[in-house]
Amino acid sequence: MNVVQEAWVYLNDPLNWTNSGGILDRLGEHLTISGAAVGLGLLVAWPLGIWLGHTGRGGGLVVLLSDLTLAIPTIALLTILPLTFLGFGKPPIIVALAVFALPPLLANAYTGVRQVDPETRDAAKGMGLSGWQLLRRVELPLAVPYLAAGFRTAAVQVVATTALASYVNGGGLGQIIAEGFGLGISAAGGQILAGGVLVAALALLVEGALALVERLATPAPLRPARRRADRETIATGAA
Amino acid sequence: MSLRDLAYQDAANPWFSWDYIRTNSSTILDALGEHVTLTAEAVAVAIVVAVPLAVVAYWYRPLSGPILALSGVLYTIPSLALLAFIAPAVGPTKSTSVLIGLVLYALLLIIRNTLAGLNQVPREAQEAATGMGYSRWGRLLRVDLPLALPGLLTGVRLATVSTVALVTIGALIGKGGLGNLILGGFRNNFFKAQITTGTILCVLLALVLDLILIFAGRALTPWSRRAR
């Protein structure tokens, strides 16, 4: 029996889905960790990015942060953080993944607010809007396509990197692959491949779903701007 | 963990220890060597594959959509899943498994940036080259590619830095270069000195390679320096 057939047998066995530590359990862990990491990233990056964009300062900081996180291996943070005050378990993993979600969120929030046409801004000021009103009524609505693009990039990246939590026994769908490699290719080649299919399918599914969300969140007149927002995120990369 | 732990070299499990580096220098150098080799091989193969694809996308517009989309999908697939696809087919103990994954990841960054560079070649330069009698290939090699070099180099830099970080993923099958130190340190009773040594070397390697590529880029494109 070749590996592909073995993978099919693995996926076709209901017990592999419903057992404790089975696929459904792992999927739940995966989504919990990813959701928490993206949420944490949003809480930090959006207020900061929007504020920096509004005041027009800190562009260098945004670039520096994305360059720096690109060079730090994911598994370095995943192994270091559990040994700090965060302790073992989910918190260090969530924090580690949130760190890698910061650059796309921050860069897009910053660019989104920054790219608002200076003439629009002047017109709003001329109409007597205060700084806060300008942000809330003019800059934020115009930044929505960028915020949505950043959210999508960050979320897809976090869902992908959550698979690496398995390196430190942190749960998630990656655990199926890591366990398979632990047993060896000859014994568990099918399990490894099946795990790979599940992880890849989840990432592509999230990517597709969020692309739709991004489209829905973007008002029709702003849609051409979406392409630009996509291009802004190239430099931030993924894991 | 705290500053006090960092200050005392005698701490039971310090974050950083010269003693560890001294006694394990050959292991560390081996890991570093494996890391550098994997990175260099991956980026080199990725350039060889990605640049022609970018040129194809540049020459035949209708193909640029599919080429970018395909490399985008490859980029979206999590690295661990990619390893899970490749390792059973290639052999889990071979570093080739890791290498193929690294190449597939680097592709998108190089294709996108090279294509962006090619698309920025001024129309006047293209027309002047054609008017001077350059053939399609001649124009590509003498005009288009040299003018697209800044874009290409940006792609190579991004690919190199992210590849250095990504090599560590191979630690799962024992082929992760410095990642072997990081993961090995974690599994070996949370040996902090080994984890931080691996991490610091990894970040330093990315930084050094990035600087080398920046200087190489300056040397290769003297005109862009003069323009500034």
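Of the 239 residues of chain A, 50% count as buried, where buried describes a residue with 20 or more other C-beta atoms, placed from the backbone, within 10 Å of its own. This is a predicted model, in which local features need pLDDT of at least 70, side-chain atom pairs count only at pLDDT 80 or more, and totals for chains, interfaces and linings use all residues. Residues are numbered from 1 along each chain as its sequence is written, and chains are lettered from A in the order in which they are written.

Let's stay with chain A for a moment. Chain A holds 11 helices and zero strands; helices are DSSP runs of H or I with at least four residues, strands are E runs of at least two, and both are numbered from the N terminus. The C-alpha trace of chain A spans about 75 × 40 × 25 Å along its principal axes.

Now turn to chain B. There too you will find 11 helices and zero strands. Of its 228 residues, 44% count as buried, and the C-alpha atoms of chain B fill a box of roughly 75 × 45 × 30 Å along the principal axes.

Next, look at where the chains meet. Here 37 residues of chain A are in contact with 36 residues of chain B, contact being C-beta atoms, placed from the backbone, within 7 Å. On the chain A side, helix 4 (59–71), helix 5 (74–80), helix 8 (131–162), helix 9 (174–183) and helix 10 (185–217) each give two or more residues. Helix 10 of chain A provides the largest share, 11 residues. By type, this side of chain A divides into 29 nonpolar, seven polar and one charged; Ala, Val, Leu, Ile, Met, Phe, Trp, Tyr, Cys and Pro count as nonpolar, Asp, Glu, Lys and Arg as charged, and the others, Gly among them, as polar.

Definitions and conventions. Contact = placed C-beta atoms within 7 Å. Buried ≥ 20, exposed ≤ 12 C-beta atoms within 10 Å, placed from the backbone.
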